[in-house]
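Me: I have a new structure to get through. Can we go over it piece by piece?

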Amino acid sequence: TQSENMMVISVQDTGVGIPEAVIEKLFRIDVSVTTAGTNNEKGTGLGLILCREFVERWNGRIWVESTPGIGSCFRFTVPKSGEKL
(Lines give C-alpha, C1' and ligand atoms only; values in the text may rest on other atoms or scores of the structure.)
Protein backbone atom coordinates (compact mmCIF):
# COMPACT_ATOMS: atom_id res chain seq x y z
CA THR A 1 0.00 0.00 0.00
CA GLN A 2 1.06 3.63 -0.37
CA SER A 3 0.68 6.91 1.42
CA GLU A 4 1.86 10.27 0.13
CA ASN A 5 5.54 9.66 0.93
CA MET A 6 5.80 6.05 2.08
CA MET A 7 5.13 2.56 0.82
CA VAL A 8 4.05 -0.22 3.16
CA ILE A 9 5.38 -3.65 2.23
CA SER A 10 3.60 -6.66 3.77
CA VAL A 11 4.75 -10.27 3.99
CA GLN A 12 2.16 -12.70 5.33
CA ASP A 13 2.33 -16.39 6.14
CA THR A 14 0.12 -19.13 7.50
CA GLY A 15 2.80 -20.55 9.79
CA VAL A 16 2.84 -21.28 13.49
CA GLY A 17 2.23 -17.67 14.54
CA ILE A 18 3.98 -15.75 17.32
CA PRO A 19 2.72 -15.24 20.88
CA GLU A 20 2.35 -11.61 22.04
CA ALA A 21 5.05 -12.05 24.71
CA VAL A 22 7.55 -13.03 22.00
CA ILE A 23 6.53 -10.27 19.56
CA GLU A 24 7.76 -7.67 22.06
CA LYS A 25 11.26 -9.23 21.87
CA LEU A 26 11.59 -9.96 18.14
CA PHE A 27 13.41 -6.81 17.09
CA ARG A 28 15.66 -6.47 20.16
CA ILE A 29 19.39 -7.24 20.00
CA ASP A 30 19.63 -7.76 23.76
CA VAL A 31 17.15 -10.67 23.78
CA SER A 32 17.64 -13.97 21.98
CA VAL A 33 14.40 -15.27 20.47
CA THR A 34 14.04 -18.34 18.30
CA THR A 35 11.13 -20.72 17.89
CA ALA A 36 10.61 -23.82 15.81
CA GLY A 37 8.95 -23.17 12.46
CA THR A 38 6.38 -25.25 10.62
CA ASN A 39 9.07 -27.83 9.77
CA ASN A 40 10.72 -27.54 13.20
CA GLU A 41 13.50 -25.41 11.68
CA LYS A 42 15.36 -23.02 13.97
CA GLY A 43 16.75 -19.58 13.29
CA THR A 44 19.51 -17.53 14.84
CA GLY A 45 17.27 -14.63 15.84
CA LEU A 46 19.37 -12.12 13.86
CA GLY A 47 17.29 -11.78 10.68
CA LEU A 48 14.61 -9.47 12.03
CA ILE A 49 17.18 -7.39 13.90
CA LEU A 50 19.03 -6.82 10.62
CA CYS A 51 15.76 -6.01 8.86
CA ARG A 52 14.96 -3.43 11.53
CA GLU A 53 18.40 -1.83 11.10
CA PHE A 54 17.97 -1.53 7.32
CA VAL A 55 14.43 -0.19 7.54
CA GLU A 56 15.31 2.37 10.22
CA ARG A 57 18.32 3.61 8.21
CA TRP A 58 15.79 4.54 5.53
CA ASN A 59 13.59 6.25 8.14
CA GLY A 60 11.05 3.48 7.95
CA ARG A 61 9.31 1.39 10.55
CA ILE A 62 8.87 -2.39 10.91
CA TRP A 63 6.29 -4.33 12.91
CA VAL A 64 4.46 -7.65 13.05
CA GLU A 65 0.89 -8.76 13.69
CA SER A 66 0.50 -12.42 14.55
CA THR A 67 -1.92 -14.99 15.90
CA PRO A 68 -0.54 -18.25 17.29
CA GLY A 69 -1.70 -21.18 15.19
CA ILE A 70 -2.86 -18.89 12.37
CA GLY A 71 0.18 -17.04 11.03
CA SER A 72 1.96 -13.71 10.94
CA CYS A 73 2.05 -10.54 8.87
CA PHE A 74 5.28 -8.53 8.89
CA ARG A 75 5.06 -4.97 7.59
CA PHE A 76 7.60 -2.24 7.00
CA THR A 77 7.61 1.23 5.50
CA VAL A 78 10.12 2.80 3.11
CA PRO A 79 10.13 6.19 1.38
CA LYS A 80 8.44 6.14 -2.03
CA SER A 81 11.22 8.17 -3.57
CA GLY A 82 13.81 5.50 -2.81
CA GLU A 83 15.91 8.14 -1.08
CA LYS A 84 16.60 8.57 2.58
CA LEU A 85 14.32 11.20 4.14
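Reply: One term to begin with: a residue is buried under 20% relative accessible area, exposed over 50%, and partly exposed in between, using a 1.4 Å probe and protein chains only. By that scale Ile-9, with a relative accessible area of 32%, is partly exposed.

Me: What kind of model is this, and how are residues numbered?

Reply: This is a predicted model, where local features need pLDDT of at least 70, side-chain atom pairs count only at pLDDT 80 or more, and totals for chains, interfaces and linings use all residues. Residues are numbered from 1 along each chain as its sequence is written, and side-chain values use heavy atoms, with hydrogens and water left out.

Me: How many helices and strands are there in the protein chain?

Reply: The protein chain has two helices and three strands. Their pattern along the sequence is β-α-α-β-β. Helices (H or I, at least four residues) and strands (E, at least two) are DSSP runs, numbered from the N terminus.

Me: And the overall dimensions?

Reply: Along the principal axes, the C-alpha atoms fill a box of roughly 40 × 25 × 20 Å. Of the 85 residues of the protein chain, 29% count as buried.

Me: Back to Ile-9. Where is it found?

Reply: Ile-9 is found in strand E1, which covers residues 6-12. Leaving out residues up to four places away in sequence, Ile-9 touches Phe-74, Arg-75 and Phe-76. A contact here means heavy atoms within 4.5 Å. Ile-9 and Val-78 are 69 residues apart in sequence, with their C-alpha atoms 8.0 Å apart in space.

Me: What about Asp-13?

Reply: Asp-13 lies in the loop between E1 and H1. Its relative accessibility is 36%, so Asp-13 counts as partly exposed. Apart from neighbours within four places in sequence, Asp-13 is in contact with Ile-70, Gly-71 and Ser-72. From Asp-13 to Phe-74 there are 61 residues in sequence and 8.8 Å in space, C-alpha to C-alpha.

Me: What share of the contacts comes from residues 24 or more positions apart?

Reply: They account for 60% of the contacts in the protein chain with a separation of 6 or more.

Me: Which residues of helix H2 are buried?

Reply: In H2, residues 47-57, the buried ones are Ile-49, Arg-52 and Val-55. Seen down the helix axis, they fall within an arc of 130°, so they line one face of H2. That arc is taken from the directions from the helix axis to the C-beta atoms.

Me: What is on the other side of H2, and what covers the buried residues?

Reply: Phe-54 and Arg-57 are exposed on the other side of H2. The cover over the buried residues of H2 includes strand E2 (62-67) and E3.

Me: Now the loops. What is phi of Asn-59?

Reply: Phi of Asn-59 is near 60°, a positive value in a residue other than glycine. Most residues other than glycine have a negative phi. Asn-59 lies in the loop between H2 and E2, and at 41% relative accessibility it counts as partly exposed.

Me: And Leu-46?

Reply: Leu-46 lies in the loop between H1 and H2. With a relative accessible area of 45%, Leu-46 is partly exposed. The C-alpha atoms of Leu-46 and Glu-4 are separated by 32 Å, and the two are 42 residues apart along the chain.
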